[in-house]
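Hello,

Here is the structure I said I would pass on. Please open it first; my notes follow below.

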Amino acid sequence: MDFNDTPEEAAFRKEVRAWLDANATRKSDDTQSFRARNDDPGLLVKAREWQDKKAKAGYARITWPKEFGGRGASPILQVIYQQEEANYLVPLGFFDIGLGMCIPTMMAYAGPEHLKRYVKPALHGQEIWCQLFSEPAAGSDVAGIRTKAERDGDGWVINGQKVWTSGAHYSDFGIVITRTDPNVPKHAGLTMFFLDMKSPGVEVRPIKQMSGGANFNEVFFTNVRVPDSQRLGKVGEGWKAALTTLMNERLAVGLPSGGLDIDELMELARETELEDGPAIRNQTVRSKIADWYVQQQGLKLTRYRTLTALSKGQTPGPESSIIKIVAAPKMQDMGAFAMELMGPAGIMKEGIPHAGGFQAQWIGGAGFRIAGGTDEILRNIVAERVLGMPADVRVDKDVPFNQLGKK
Amino acid sequence: MNFDFSDDQKLLKEQVRKFLADKCPTKVVRRVLDGNETHADDVWKGLVDLGVPATGIPEAYGGLGLSPLEVCVIAEEIGRSAAPVPFDSSVVLATEALKLAGSDAQKKKWLSELASGKAIGTLAIAEGAQPPKPRSIRTTFGNGRLNGKKVPVIDGEAATFAIVLANTGGSGDRAVSLVIVDLAQAAVARKRVETIDPARKHAELTFTDATAELLGAEGEGWQLLERLYDAAAIYFAFAQVGGAEAAMWMARDYALQRQAFGRAIASYQAIKHKLADCYVKLELARSNAYYGAMMLTEGGADLPLAAAAARIAATEAYDFAAKENIQTHGGIGFTWEADTQFHYRRSRVMALSLGGPMAWKDKLVSRLEQKNAA
């Protein structure tokens, strides 16, 4: 066992490092980052420039086929690129949904002329894509969406509302899942399209989150016309297309990087005086630190197991399905505990070292437990896909969508 | 990145797994639990024939000279089957103690007997109610004579020799030393003690001027024991991972078959989420155990920290899976006839034998402090 690169991986890493050294600034320490303030137009300009640079050098999407500007290389090389890139001060995050989810769905369903038109500008950061799935009444049960698309001549007219759409406010295009037939059970009546976010009738409104940030949006569709040529997959097979998108989401195994962790918690515990001495000497404190350390290490090492499978060209096992189940509550609980160590001043937003960071974890953790699959849905997924337990009883399975909730 | 066992190691694991599935089904665990035998000697002899005790012993001392990784995959299978055999005592604790502290002559004598299956070894530390500490050890060793009482000693009846922690007159942590004692002498009295897990028999050993010799230097017993426990924690973690996985699947299988309120209980989220949590804890434990195995094999600087993390994660995973397995079974899971009890009992024995999670969490943070200070 070792954590070493294969010779091929090592050579690639060296090549990537040399390119990054020549084209970007290395971080002086881990805490440095381009702050992901998506509402800063200057940041977006810089992000587009960086994306274009990467695309020209063949690093933007390493696993994609060469015809689409990729290298046709193994996922492990993509991971190695990202590991190295994380050490440099570069603006990231604007293109992940488009390149990670939307364009792969396009590749699976769009015709060659559309791919010729859309893939390259997305890869080079000229056009940004968003994914329009969730709705106010369809979160975990995303197949319960109500936004409807109705036939009108050689096209479709879309009416309805989407929510939690990351980056909709700066996106050029989106893939949207709609209901085209309410007379059949919910999964059977869906159809997917892609559309121009500048189309008449599309209105984007930012959502201010509990954390104060505004990375997400509500998107309203009022008589938005979409040509039939922008349909992805067959009419009524939108669920199948949506699963393609979501499967690609799952391939993006990731941990939230950066942020405060065990080292900062220990520092805080050393500096905090409790009644009987420094908090670090208190057995309750030590026990909690130990538990979170075991989780932190467990997640890191679980990811190494996944990377090992990728490195060997194998399909990773289901172990990575535990990552968010553990990471999100840990973030929330550890943040809350660190604040407790600070005493009543733990609520103050200024003047207390690290308070802001731990408060951000406590607040952010509440959202992280919901985003991209709630704690509960993820446990269902583990139980069903890993342990082979039955799906939940679905009372809506055989009922036409427009009869749901009616007795 | 190569954070996995090799194909050969996986093959070995599969071989041991098949052997135990065939020769050590749960009815064998029950036979020992209900009966008088010290251990399942038929299963043990088969494991000896497979080379299990010889696996981690150097070739120079009659072993197979394989790495800790091979012992780890075997440990996982022993844990999965809850086999009533002296694996943890003899293959892990006694063998590792000799490898760690034995003189060449001691290794020649004892390790070769362990490898061939002629000897069964054990470790005798505790002396009753209190968690062992250097100052609380009353057993004494001097002038080649061992005196005192050790209880509980795992496999104390089946073992042919024991490694004993004894007071040798120093001060502080240096008050104690490890000594090795042949149990086949009149100066040793053995008496079975009842424990929560009758499938793993324990004994009280009384030494009255028993002939013994130092294992390792005088006064270094506590320090050696710490190092021994680090290695043992990793092997135990694999056994705990195997046991946790077995308990989890036992619960899953029962949940699929048991009907309540008109459907399989496996379709209720209360059961699904509970077993998903078993899986989460299991994978955290497995990943931490792998790192422990890697550090043990390399002799890496992170070994003490990795051992503590593996110990904590694996103990939690096994405890949780074992208790929720009973809970998932409902009333039938609480009967003597159910197999659920085997893992419940074993999980607690394994949780306490090297010191419980509370002690290991304290150790982990101390080691983290040392690492950060360095």
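**Domains of chain B**

Chain B splits into three parts: domain 1 (7–96 + 103–118), domain 2 (122–219) and domain 3 (222–373). Bear in mind that this is a predicted model.

Look at domains 1 and 3 of chain B together. Their C-alpha centres are 20 Å apart. Across that boundary, 18 residues of domain 1 are in contact with 20 residues of domain 3. On the domain 1 side, helices H2 (26–34), H4 (68–81) and H5 (87–101) of chain B each supply at least two residues. H4(B) gives the most, with 10 residues. By class, the domain 1 side holds 10 nonpolar, three polar and five charged residues.

**Chain B as a whole**

Chain B has 11 helices and nine strands. Its radius of gyration is 20 Å, close to the 21 Å that the globule rule gives for 374 residues, so chain B is as compact as a globular protein of that length. The C-alpha trace spans about 75 × 50 × 40 Å along its principal axes. Of the 374 residues in chain B, 57% are buried. Take the contacts in chain B between residues at least 6 apart in sequence: 75% of them join residues at least 24 apart.

**Strand E4 of chain B**

This strand deserves a look. E4(B) covers residues 161–167, and seven of its seven residues are buried, so the strand is largely enclosed by the rest of the structure. Side chains in a regular strand alternate between the two faces of the sheet. In E4(B), Phe161(B), Ile163(B), Leu165(B) and Asn167(B) point one way. Ala162(B), Val164(B) and Ala166(B) point the other way. Both sets are buried.

E4(B) has pairings with E1(B) and E5(B). Strand E1 (residues 121–124) of chain B runs parallel to E4(B), joined by four bridges. There, Thr122(B) has Ala162(B) as its bridge partner. Strand E5 (residues 176–182) of chain B runs antiparallel to E4(B), with seven bridges. Here Phe161(B) stands opposite Asp182(B).

**Where the chains meet**

Finally, the interface. 36 residues of chain A are in contact with 37 residues of chain B. On the chain A side, helices H8 (283–311), H9 (323–341) and H11 (375–386) of chain A each supply at least two residues. The largest share, 17 residues, comes from H8(A). This side of chain A has 20 nonpolar, 10 polar and six charged residues.

Best wishes

How values were computed: Residues numbered from 1 in each chain as written. Chains lettered and ligands numbered in written order. Predicted model: local features only at pLDDT ≥ 70, side-chain atom pairs only at ≥ 80, totals over all residues. Contact = placed C-beta atoms within 7 Å. Nonpolar A, V, L, I, M, F, W, Y, C, P; charged D, E, K, R; others polar. Domains from an automatic or database assignment. Rg over C-alpha atoms; globule rule 2.2 N^0.38 Å. Buried ≥ 20, exposed ≤ 12 C-beta atoms within 10 Å, placed from the backbone. Pairing = 2+ DSSP bridges.
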